[in-house]
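Here is a guided walk through one protein and its ligand. Have the sequence and the 3D view open as you read.

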Amino acid sequence: MRAVLSKTPGGPETLVVEDVLDPTPKTGEVIIEVKAVGINYPDTLIIEDKYQFRPERPFSPGAEVAGVVEAVGEGVKGVRKGDRVIAVPGWGGLVERLAVRAETVIPIPDAMSFEEAAALIMTYGTSYYALKDRAQLKAGETLLVLGAAGGVGAAAVELGKAMGAKVVAAASTNDKVEFALELGADNGLIYPSGPMDKAAQKALSGEFKLATGRDGADVVYDAVGGDYADPALRAMDWNGRYLVVGFPAGIPSLPLNLTLLKSVSVIGVFWGAAVMRDPKAHAANMVELMQMYADGKIRPRVSKTFPLEKSGEAIKALGDRQALGKIVVTVES
Ligand SMILES: NC(=O)c1ccc[n+]([C@@H]2O[C@H](COP(=O)([O-])OP(=O)(O)OC[C@H]3O[C@@H](n4cnc5c(N)ncnc54)[C@H](OP(=O)(O)O)[C@@H]3O)[C@@H](O)[C@H]2O)c1
């Protein structure tokens, strides 16, 4: 089978496509014939050895896949050959066939395409865990989403609306803000795309306050970091919750005096670790997400697809800040 491999640390240009042996199912495993692979920011980090996990090389990036069960190993119950399923292996997904533990696969609803299914779990799983379990977002509260047209950001916009919040979407271009408004955001603003000095940060904080309303944001969803974090923190309401999700723009330092003045909680979000520590809570969130999909409240927006052999270009497009919603690699075997 074909596999996209990282053999040396580096950018997407270092990835190679090679023929490797097909996997065979061990006890308790299923083999998935992969149809689609969701691309996520961690794919840009893991190939450069900058992610929380550092798999042994050669390895394939690709954290989440959707496909059809092609074979089942001994002892597998509840999953059958021909089932349409999602798996979130963390890496290893940019391949034609993948072995995973049977109990980890999630059935794909009939109405959901493979592309949507491959773009669902990491983004909505992260954002739902962040908004529901970590921030305890309530109906009527104001949610400010930074990077609102990216993968987890767009999911946060839709989930925020589904949870009854007033959602303010912030992003670096007009197209991205328009995209977030189409997803249901109540209000949007464009922020500068490059680094900001103190004056520009102060001005941005004023814009955040204007866009969120007189009292500021109850919850900030920050999957961007960098120079955007300080202005967002300054635009928070009393008892605000600041969600630390990711740092594509760099790891910021926050002035803790601001958290004291507004009684703000800064809350770390590490979805992957939370899933491992509390699989039952994760499974319950997945059931709720699937129900929201069935009710038409959420829908992954796949704006661009690439074939397997162009996986490097797909990862590059995401890293270059080009994605609206999700980028997905499709696999023809
Ligand atoms: N904590 C967790 O459990 C968890 C789980 C999944 C992902 N994450 C993290 O969340 C972040 C977003 O992931 P994603 O998959 O949603 O990525 P994505 O689709 O690429 O979205 C990232 C957004 O960040 C913004 N951005 C700002 N500066 C950037 C820069 N220098 N380079 C690239 N993007 C920049 C972009 O929006 P604008 O152009 O509008 O600024 C972009 O839309 C990543 O840091 C990822 O590692 C965390």
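The text below starts with the ligand and then turns to a sheet.

This is a predicted model: local features need pLDDT of at least 70, side-chain atom pairs count only at pLDDT 80 or more, and totals for chains, interfaces and linings use all residues. Residues are numbered from 1 along each chain as its sequence is written, and side-chain values use heavy atoms, with hydrogens and water left out.

Where does the ligand lie?

Look at the polar contacts (N or O atom pairs within 3.5 Å). A polar side-chain atom of Arg 321 is 2.7 Å from a ligand oxygen. The backbone takes part too. A polar backbone atom of Phe 247 lies 3.3 Å from an oxygen of the ligand, and one of Pro 248 lies 3.3 Å from a ligand nitrogen. The protein buries 91% of the 900 Å² that the ligand exposes when taken alone (Shrake-Rupley method, 1.4 Å probe).

Now the sheet. Six strands (DSSP E runs of at least two residues) form an open, parallel sheet in the order β10-β9-β8-β11-β12-β13. Strands pair if DSSP finds at least two bridges between them. β10 (187-190) and β13 (265-268) are the edges, each with a single partner strand, so one side of each has no neighbour in the sheet. β9 (residues 166-171) pairs with β10 over four bridges. There, Ala 171 has Ile 190 of β10 as its bridge partner.

How values were computed:
A polar contact is a pair of N or O atoms within 3.5 Å; within protein, one must be able to donate a hydrogen and the other to accept it, and residues adjacent in sequence count only if both atoms are side-chain atoms.
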